[in-house]
Amino acid sequence: MRVAVFSTKSYDREFLLSANQSEGHELVFFEPRLTPQTAKLAHDFPAICAFVNDQLDAQVLLMLARGGTKLIALRSAGFNQVDLMAAEQLGFIVTRVPAYSPHAVAEHTVGLLLALCRKLHKAYLRVREGNFSLEGLLGVDLFGRTVGVVGTGKIGTLVAQILAGFGCKILAYDVRANPAVEALGGRYVPAEELFSSSDIVTLHCPLMPDTYHFINEEALARMKRGVILVNTSRGALIDTRAVVRALKSGKIGALGLDVYEEEADLFFQDLSTRVIQDDVFTRLLTFPNVIITAHQAFFTRDALEAIARETLANITDYEQGRAPRGLLTPAQALAAAR
Ligand code: NAD
């Protein structure tokens, strides 16, 4: 099948071409993000392959439908970038890769947390400059700390497992309890109690209308002074302006982000010679107790192999008239959240 692959980076090309040796699709790689300006590139392609910051709103979907596209194969687990109702109305089949390597994201989350707790980002730079002083590097143990895990699906549960191994106490909040978390001694509590009782809060629920700005002024007001907040899920789970205020007041003791609500204009590009126009993001970069990675949590060899394999398998399933294993309908999206 002819597939227009958007937001292509060298690594996408490498892993998709390797996995395609056994699938035999005609992959045409486009570097730009899918937007109303670039959607015409997909003209006459029956399938497109898209990533997390591609724009699949009603306007772009209509352009794709008029161009003859029938299949949207996401090479991501999250699907907040797609207007699924519009896609269904226009007759699209949408697929995703629900679980490629939850370990990759969970391990990156714990990596951010460890770096924040022991100020490894500061220590790394200091030692390279011949400064071996420990002043200002005082850390905290993870052992014995209470961690609030928001969203205990595949990734959140792994994070809970890893941190239980460090000797952390686990509190959890989800719309449904996961027995695997309870088996670790994790306790499900209302969000308000999770906020007020946790030393560390880590976010692993999907971005949906009811989780938009889940961490807002009110949630932050309930949290302990000096709380460590980590978000490797989706940027808009956090009201970034409220978080900046909480960092300035010392309410948040440290912040680890792999995602940012306006990341589409920043991440996955080399902007090192440009002036960044986003003042909220640049303010975040000024804090000594903030570590930001640019949506890299998924980025392991294991995950990219699985993403490529599963994305192409979804396309093959569709081409051969089978229900793709990663089929995503509005009803399934709702079921995933309930
Ligand atoms: P999952 O579907 O296995 O788990 C999501 C969990 O969130 C489920 O248990 C669900 O019940 C829960 N949930 C739904 N609505 C909720 C609500 N309102 N409040 C609390 N919990 C709620 O998903 P997953 O594979 O664990 O992935 C979690 C998220 O991680 C994805 O939605 C995606 O946005 C993000 N992600 C990020 C990266 C990255 O590279 N940074 C990579 C993959 C996934």
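By class, how many nonpolar, polar and charged residues does the shell around the ligand have? In this predicted model, the shell has twelve nonpolar, eight polar and six charged residues, where Ala, Val, Leu, Ile, Met, Phe, Trp, Tyr, Cys and Pro count as nonpolar, Asp, Glu, Lys and Arg as charged, and the others, Gly among them, as polar. Residues are numbered from 1 along each chain as its sequence is written, and side-chain values use heavy atoms, with hydrogens and water left out. Because the model is predicted, local features need pLDDT of at least 70 and side-chain atom pairs count only at pLDDT 80 or more, whereas totals for chains, interfaces and linings use all residues.

The ligand is surrounded by 26 residues, of which Lys154, Ile155, Asp174, Thr232 and Asp258 are the closest; a residue is counted if one of its heavy atoms lies within 4 Å of the molecule. Helix 6 (154-165) and helix 13 (330-337) each contribute at least two residues to this shell, helices being DSSP runs (H or I, at least four residues) numbered from the N terminus. Polar contacts, taken as pairs of N or O atoms within 3.5 Å, include one between a polar side-chain atom of Lys154 and an oxygen atom of the ligand at 2.7 Å. A backbone N or O atom of Ile155 lies 2.8 Å from an oxygen atom of the ligand, and a polar side-chain atom of Asp258 is placed 2.9 Å from a nitrogen atom of the ligand. Taken alone, the ligand exposes 870 Å², of which the protein buries 93% (Shrake-Rupley method, 1.4 Å probe).

The space taken by the ligand is the largest pocket, a pocket being an open set of points on a 1 Å grid over the protein atoms alone, with protein on both sides within 12 Å along at least five of seven lines; a molecule sits in a pocket if more than half of its atoms lie within 2 Å of its grid points. This pocket holds about 980 Å³ of space, the volume being that filled by probe spheres set on the points. Its lining comprises 47 residues (an atom within 4 Å of a point), and Ile155, His204, Cys205, Pro206 and Ser233 lie nearest its centre. By class, the pocket lining has 25 nonpolar, 14 polar and eight charged residues.

One cavity of 30 Å³ or more is counted, a cavity being a set of points where a 1.4 Å probe fits but cannot get out. About 70 Å³ of space lies in the largest cavity, to whose lining helix 1 gives the most, with four residues.

Technical notes: A polar contact is a pair of N or O atoms within 3.5 Å; within protein, one must be able to donate a hydrogen and the other to accept it, and residues adjacent in sequence count only if both atoms are side-chain atoms.
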